[in-house]
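Could you walk me through this protein in my viewer, one selection at a time?

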Amino acid sequence: MALITSDRTRFPNDPWRLVESTYAPEGAGTLETLFSLGNGHLGIRGAHWGAADAELPGSFINGFHETWDIKHAENAYGFARTGQRILYVPDANNFAVMIDGETLSLAESTVLDYRRTLDFATGVYECRITWQCRSGAIVTTTERRAVGYETRGALGISLEVTADQDVSADVTSTVINRQDQPVEDHSEHDPRRAGRHAGRVLLPRRLDGADGSLRLSWEAAESQQRLGMAVDHSTETAVLPFDTVVEQDESTVRYVLVVGPEAPFVLSKSVSYAVGQTIEDLVEAAEASLKPVPEIFAESVAHFRDYWATSDIVLAGQSELQQAVRWNLFQLVQATGRADVAGIPAKGVSGAGYDGHYFWDQEIYLLPYLTYTNPDNARQVLESRHRMLPEAQIRSKELNVDGALFPWRTINGLEASAYYAAGTAQFHIASAVAFATNRYIWASGDALFQDSQGADLLIETARMWVSLGFFGKDGLFHIHGVTGPDEYTAVVNDNLYTNVMARFNLRTAAALVHPGIDEAERELWEQAATRMHLPYDEDFRVHSQDNDFMSLEPWDWTTPRSKYPLLLNYHPLVIYRHQVLKQADTVLAMFLQWQDFTAEEKRRAFDFYDPITTGDSTLSACVQGIMAAEVGYGDAALRHFAHGLFIDFDDTHGNTIDGVHIASTGGVWSSLISGFAGLRDQGRVPFFDPRLPAGWEGLSFHLKIQGRLLHVDLVQGSIRLSVREGAPLEVDVRGELFTIGSDPVAVALAPVPVPEPTVFPSGLPATALPQGLNSL
């Protein structure tokens, strides 16, 4: 059931804020995700400050994780050996407020007024609650939070307590190490959700505190990663703490005082985290980064002012969609802004879903956004992949191939996917790294990166492909035993997406001028690319997802919706032997390698694959929508876009509680820029073929491209381009070249014809067969 859009009284539509105007306990954990804060390094979930009112509270630091030995029931050579899971770090967002002996709680107390907001324009979370206390007093609590951006390990929290009459207030601020508290391991029932460790993980190393200040540090038991934390409390009226207590799982600072109409109580809580240094230095490093809470708030305001100036996407006349678009863009910067040289977890730093692992998501779904809005951050993500190159080269040897094989899912560079068929077999992650590398080089013109780390990534991945595949007796190059993006069809031969992207990888590496490539190797790459086998079904005149896909039994589409997602209700072998997709596999290949396929090939592929794609993957809707727009199906494009846009807002996949689907938020950006604005890149010049949905008044945005800031303003019937910063830029609009400078250039756009969809024959579902046939 929809969450945000189903109750616009509780969640009023505001284009710059997410607002909850009344409290209800339903969906509390999901709302903790939707109201989360983060900067790519540090994240804090949007839980209420009271323990009784929080469902899955916590804070995270990107890359801070624990490891364990994976125990396979039946072992084999080369299986992943080391599990990795992001850790809940000790959490500072905890208060207990007692008024005249009554502990305030949304679940137990009387609430007169309630409103909390997440302000996209400033990055500030605020929750204001007015309580009718049993003593007769009316008390208002206001909590505000923000994370630092100049100081990426900083968190600022303020709690204000006001009253209409004098009351006795007892306020306790707590830092909780909840990593080791017993919580159900949801991953036992749903592999998409977060798992938990069985034993104690964070071992205390330093526990000091006095006079409202806490100095704490821990070490992870197995990974031996270290974390330091410094917390300072201050009040506007210089009220001293009643006591400060330090323990390994809960450390508290308590204030006991009188609060009245003329004497409000404002408590500021400045928090700083530091990781990765020696135990002796950790607390000192955290302490050195402490800042007054108003400065942390100011950092957040300044960061978002600059961010929105060049990264906003405006949908003219679409107020219902605008709020959701900005929330998605807000989550993108929260997942990437200060990740620095680290990967981007599949849930960012908003939750523990997918164990905090980095997947191909970051290269295919997030790097487009970063490349065109924050190219420096895009480079840093690619540098994090380059840092993993030694482990990737070792892994390739375990799989009996040359070059580098990056792990399907990882935090520390080692493969953490225990199910190889839908994990390690997805060799296409190598081409994702190569594709993102080439896109960044093309869009930024960063020659230094191209000649150094970029070249390493392109060359080592090309070497992997040419050793993984082989020239068959038909003279073509084949790649066998792989899984493509569609995880409902595993360990197949000549997966089209894999082969198409490997071909791109080989061609791009062969085009490099680099001393590490000799002519024999270059010729081998070129031949493998030229002779790459692309499966094609002559009867349907459609590219086949793999060599055998067209021979599979069609899925029974009378399967009730309660049985989706299929991966939670059917054994993998049942799914693998049917024509059913988790993700738009072939369609994605045709989007990314847009110049390699004709318009008819793209349309027929969409017509064939779209109806058999379940949408079980949150990565699919955006790709299907982009291709629907390109082939001329405007209604389908808008439908897929809306599905992708509200995946988290309405919790349509049922697991938003474990964090934002960050790749899907990147897909929203691509849907708007590559789908409706029709941007295609890595050609001679940037190419636009707009497809603005009927009924939309306009779409406008900026792109940082080849040293310029390009402004794009799309309305019905025309596209208007101008360069706001930098030299003129040559741009292709539907096959016509234009030189764009500071003076806007308007190009008229003819309507896009709607093609007649191809109707493909399909077999009857087994349950619809006549009784006589069923009995044979």
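Predicted model: local features only at pLDDT ≥ 70, side-chain atom pairs only at ≥ 80, totals over all residues.

**Stop 1**

Start by selecting residues 37–38, 42–44 and 59–61, which are strands E3, E4 and E5. Together they make an open sheet of 3 strands in the order E3-E4-E5, and the pairing is antiparallel. E3 and E5 stand at the edges with a single partner strand each, so one side of each has no neighbour in the sheet. Now look at E4 beside E5: they pair over 3 bridges, and Leu-42 has Ile-61 as its bridge partner.

**Stop 2: Phe-95**

Next, select Phe-95, which belongs to strand E8 (residues 91–99). Is Phe-95 buried or exposed? Its relative accessibility is 5%, so Phe-95 counts as buried. Show the residues around it, and you will find contacts with Trp-49, Gly-50, Glu-143, Ile-157 and Leu-159, among others. Then display the C-alpha atoms of Phe-95 and Ala-51: these residues are 44 apart in sequence, and the C-alpha atoms are 7.7 Å apart in space.

**Stop 3: two hairpins in a row**

Move on to residues 110–119 (strand E10) and 124–132 (strand E11), an antiparallel pair with 9 bridges. A handy place to look is Tyr-114, whose bridge partner in E11 is Ile-129. The two strands form a hairpin with 4 residues between them, and in the turn Gly-123 has a positive phi of about 75°.

**Stop 4: the nonpolar core**

Select Ile-313, Trp-360, Leu-672 and Leu-699. In the largest nonpolar core, which has 202 residues, these four touch the most other members. Helix H8 supplies the largest share of this core, with 11 residues. Zoom in on Ile-313 to see some of its surroundings: leaving aside neighbours within four places in sequence, Ile-313 is in contact with residues including Val-325, Leu-329, Trp-669, Leu-672 and Phe-701.

**Stop 5: the largest cavity**

To find the largest cavity, select Arg-439, Phe-591, Leu-592, Ser-670 and Ser-674, which lie nearest its centre among the 21 residues that line it. Several elements give two or more residues to this lining, including helix H5 (361–373), helix H8 (429–444) and helix H17 (662–676). Which helix gives the most? That is H17, with 5 residues. Colour the lining by residue type and you will see 14 nonpolar, 4 polar and 3 charged residues.

**Stop 6**

Before you click, a word of background: most residues other than glycine have a negative phi, and most peptide bonds are trans.

- Select Asp-355, in the loop between helix H4 (319–336) and H5. Its phi is near 60°, a positive value in a residue other than glycine. Asp-355 counts as buried because its relative accessibility is 12%, under the 20% cut-off.
- Select Tyr-564 and Pro-565. The peptide bond from Tyr-564 to Pro-565 is cis, with omega near 0°. Pro-565 lies in the loop between strand E26 (553–554) and helix H12 (572–576).
- Select Gln-682, in the loop between E28 and strand E29 (687–688). Gln-682 is not a glycine, yet its phi is positive, at about 65°. Gln-682 is buried, with a relative accessible area of 17%.

**Stop 7: a mixed sheet**

Finish with the open sheet of 4 strands in the order E28-E29-E33-E34, where the pairing is mixed. E28 and strand E34 (736–740) are the edge strands, and each pairs on one side only. Select E33 (residues 729–733) together with E34 to see an antiparallel pair with 5 bridges.

Note on methods: Residues numbered from 1 in each chain as written. Heavy atoms only, no water. Pairing = 2+ DSSP bridges. 1 Å grid on protein atoms, 1.4 Å probe; cavity = no way out; pocket = protein on both sides within 12 Å on 5 of 7 lines; lining within 4 Å. Nonpolar A, V, L, I, M, F, W, Y, C, P; charged D, E, K, R; others polar. Buried < 20%, exposed > 50% of the residue type's maximum accessible area, 1.4 Å probe, protein only. Core = buried A, V, L, I, M, F, W, Y, C linked by side-chain atoms within 4.5 Å. Contact = heavy atoms within 4.5 Å.
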